Amino acid sequence: MTKTYFTEDHEWIKVEGGVATVGITDYAQEQLGDLVFVELPEAGKALAKGDTAVVVESVKAASDVYAPVDGEITAVNEALAGDPSLVNSAPAGDGWLWKMTLADESQLEGLMDEAAYQASIA
Amino acid sequence: MSDTATLKHLPLEALHEEAGARFGAFAGWRMPLTYPAGVMKEHLHTRGSAGLFDISHMQLFEVEGAGAAAFLSRACPLDAEALDQDRSKYTVLLNESAGIIDDLIVTRLGPQRFMVVANAGNAAKDEAHLRALAKDFDVSLTALERVLLALQGPDAEAVLIAAGLDLSDLTFMTGTEPAPGWFAARSGYTGEDGFEVALPVGEAERFARSLLDDERVQWIGLAARDSLRLEAGLCLHGQDLDEATDPASAAILWAVPKALRERGAFVGAAALQAIIAAGAAQKRVGLKPEGRQPVRAGAPILDDAGKTVGHVTSGGFGPSVGHPVAMGYVARALSEPGTRLFTEVRGNRIALDVHPLPFTPQRYHKG
């Protein structure tokens with residue numbers, strides 16, 4: 001079963017079989033503008049909720065993307081090294097940022113579902 | 001950042017809203033940062049066709065009177081008496097220590113009349129400074145209320161002709177008054193051929209719409225204005241120039257006539273002479289970061305031993321060159337193009353090479 005959660009920081013977390021894939025929302029990529037660089041962490045890095053996991057850089061500025069939950073990075077989207085604009089063109093698809101384990105699944109309960117998230121940015 | 005409640009509004013704000021602009025605060029104004037096309041496309045459109053910028057936040061001053069030329073030659077390291085009719089000159093306002101209060105464009109409109117275009121963020125400071133100096137001269141200084149539009153790019157001249165404003169007689173850095181209350185110059189801040197047109201507020205919407213009706217024209221926001229000027233190697237006052245920098249270290253001595261460097265009577269002349277004689281300790285240079293990661297203003301510049309030898313004053317990504325671009329100040333001994341330096345971004349060491357400016361070839365219409 002797959003379920004997607006959203007944070008107030010405009011990230012999405014797709015949970016599938018105990019692994020979470022994390023990216024930023026369409027709203028977030030639109031706010032940031034054209035991305036020119038994504039600083040990716042190493043797989044194996046342990047993250048606590050709220051830690052900076054990835055830094056995305058637009059033409060103008062750098063922005064942090066935070067870990068939405070505790071866990072360990074299992075993979076990063078290597079395609080972004082060559083083409084950071086994937087985050088703009090497909091934020092919920094090919095522009096995903098990293099995958100991580102879930103140290104504490106109960107942390108998901110505090111996040112929004114899609115309907116609540118859409119309402120929050122409307 | 002200014003409080004959004006106290007921001008000044010552009011006269012054509014409704015037109016930008018209509019175009020879907022995203023706004024942000026800059027120099028006390030609510031300014032369009034980007035339009036739906038986005039900074040990358042806006043930047044490339046300007047270099048490829050014609051970009052329209054609303055720069056009405058900038059301040060025009062008209063200087064008039066028998067003492068106008070003498071006054072400007074006192075206020076700026078400029079030989080205003082020798083400036084030809086219609087000719088524009090890039091210059092600066094200096095304090096007594098030769099620190100740069102602002103950078104300006106001065107255009108001669110007549111024997112006793114000049115137009116001065118100043119930066120938004122410094123307009124009030126400039127006006128106070130100029131008014132204090134003006135007391136000793138037979139001159140009047142008028143802050144003009146105008147809309148100022150820049151049309152930049154290879155199609156700019158043809159677009160203006162199609163809109164009924166033929167400025168093809170102008171060459172780079174000349175200006176004219178095409179109608180009462182209007183001022184137009186062949187200049188800009190993108191490195192491209194282009195024009196800046198100031199006009200009365202009441203006539204501005206009609207004129208802007210006539211330009212926008214041309215399919216070659218797109219609105220361009222402040223974000224792309226910044227990446228364009230950075231690729232073109234042009235300074236932004238408040239970042240690359242300020243009162244702690246002087247024309248010698250800022251590498252804009254070309255704007256100061258040789259004779260004036262030695263015996264000028266402008267404010268800051270003695271200090272500038274001393275700086276030139278001693279040799280500026282630091283120099284502004286272009287910097288090309290290795291790889292894809294942008295290096296931003298404020299980043300330290302390090303030598304290969306890790307010692308701080310300067311700092312970045314502007315940095316971002318250059319959409320036309322396809323790599324990060326930056327400018328900064330480094331110790332003079334390290335300012336030769338090709339010198340390898342370093343910076344640190346979030347703990348990562350990044351190589352920076354001193355790079356000649358501009359990053360993109362300037363394509364001014366020199367006639």
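Strand β8 (residues 113-118) of chain B has 5 of its 6 residues buried, so β8 is largely enclosed by the rest of the structure. A residue is called buried if 20 or more other C-beta atoms lie within 10 Å of its own, exposed if 12 or fewer, and partly exposed in between, with C-beta atoms placed from the backbone. Helices (H or I, at least four residues) and strands (E, at least two) are DSSP runs, numbered from the N terminus. The model is predicted: local features need pLDDT of at least 70 and side-chain atom pairs count only at pLDDT 80 or more, while totals for chains, interfaces and linings use all residues. Residues are numbered from 1 along each chain as its sequence is written, and chains are lettered from A and ligands numbered from 1 in the order in which they are written.

What does β8(B) pair with? Strand β5 (residues 59-64) of chain B is joined to β8(B) by 6 bridges and runs antiparallel to it; two strands pair if DSSP finds at least two bridges between them. Within this pairing, B:Gln59 has B:Ala118 as its bridge partner. Strand β7 (residues 100-110) of chain B also pairs with β8(B) in the antiparallel sense, over 5 bridges. There B:Arg108 stands opposite B:Phe114. β7(B) and β8(B) form a hairpin, with 2 residues between them.

Chain B as a whole contains 9 helices and 20 strands. Its radius of gyration, taken over C-alpha atoms, is 20 Å, close to the 21 Å of the globule rule for 367 residues, so chain B is as compact as a globular protein of that length. The globule rule is 2.2 Å times the number of residues to the power 0.38. The C-alpha trace spans about 60 × 50 × 45 Å along its principal axes. Of the 367 residues, 49% count as buried. Two residues are in contact if their C-beta atoms, placed from the backbone, lie within 7 Å. Among contacts in chain B between residues at least 6 apart in sequence, 68% join residues at least 24 apart.

The domain assignment (automatic or from a database) gives domain 1 (4-56 + 146-231), domain 2 (58-143 + 246-279) and domain 3 (281-355) of chain B. The centres of domain 1 and domain 3, taken over C-alpha atoms, are 31 Å apart. Their contact takes 8 residues from domain 1 and 9 residues from domain 3. On the domain 1 side, the elements giving two or more residues are α2 (39-48) and α7 (222-231) of chain B.

Three strands form an open sheet in the order β1-β3-β2 (chain B), with mixed pairing. β1 (8-9) and β2 (22-26) of chain B stand at the edges with a single partner strand each, so one side of each has no neighbour in the sheet. β2(B) pairs with strand β3 (residues 29-34) of chain B in the antiparallel sense over 5 bridges, and B:Ala25 stands opposite B:Arg30 in β3(B). α7(B) packs on this sheet, touching β2 and β3 of chain B, and its direction makes about 70 degrees with that of β3(B). Axes are lines fitted to C-alpha atoms, for helices over the stretch in contact, and angles run from 0 to 180 degrees between N-to-C directions.

Finally, the other chain: 14 residues of chain B are in contact with 10 residues of chain A. On the chain B side, α2, α7 and β17 (308-318) give two or more residues.
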